[in-house]
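Student: I'm new to this one and would like a close look at a single part. Could you walk me through it?

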Amino acid sequence: MLKDRDIASDCMEMHKHGAVDLTRMALECNNPQLRQTLITMRNKCEQSQYELAQMAASKGWYVPSPGADSNEINQVSQSLSQIVGY
C-alpha cells in the first residue's frame, strides 16, 4: 500500500516531467494561441510542483537542495546570459 510520502513523491516527479513535456511542446508549436496555452499550462504545472515540494518538505518527506548565496546566483545568471545572449 502506498504511503502519503510515496504519493507526494510520485506527484512531484509527474509534475517535473509534465513541465518538461509542456515546454518541449510549446517550443515546437507554430500556433501562437496554442503555444501560449501550453506555456500557461507549464507555469501552472511548475507552481503545483513547487507547492507539493513545500508541503512535502514541511512534513520531512523531501529535502530540497541547499540554497545558493547571492554571489553564486549572480555568477550563474551572468554565465547563462552570455550563453543565451539575453
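Student: Why does His15 count as buried?

Tutor: His15 counts as buried because its relative accessibility is 18%, and buried means under 20% relative accessible area, with exposed over 50% and partly exposed in between (1.4 Å probe, protein chains only). Before we go on, this is a predicted model, where local features need pLDDT of at least 70 and side-chain atom pairs count only at pLDDT 80 or more, while totals for chains, interfaces and linings use all residues. Residues are numbered from 1 along each chain as its sequence is written, and side-chain values use heavy atoms, with hydrogens and water left out.

Now, back to our residue. His15 sits in helix α1; helices (H or I, at least four residues) and strands (E, at least two) are DSSP runs, numbered from the N terminus. If you skip its neighbours within four places in sequence, His15 is in contact (heavy atoms within 4.5 Å) with Cys45, Ser48, Gln49 and Leu52.

Cys45 also turns up in the largest nonpolar core, together with Ala19, Leu22, Ala26, Cys29 and Leu38, six residues in all. Such a core is a set of buried Ala, Val, Leu, Ile, Met, Phe, Trp, Tyr and Cys residues joined through side-chain atoms within 4.5 Å. Helices α1 (4-27) and α2 (32-58) each supply at least two residues of this core, and α1 gives the most, with three. Take Ala26 from that set: leaving aside neighbours within four places in sequence, Ala26 touches Arg35, Leu38 and Ile39.

Zooming out, the chain has three helices and zero strands, and buried residues make up 16% of its 86 residues.
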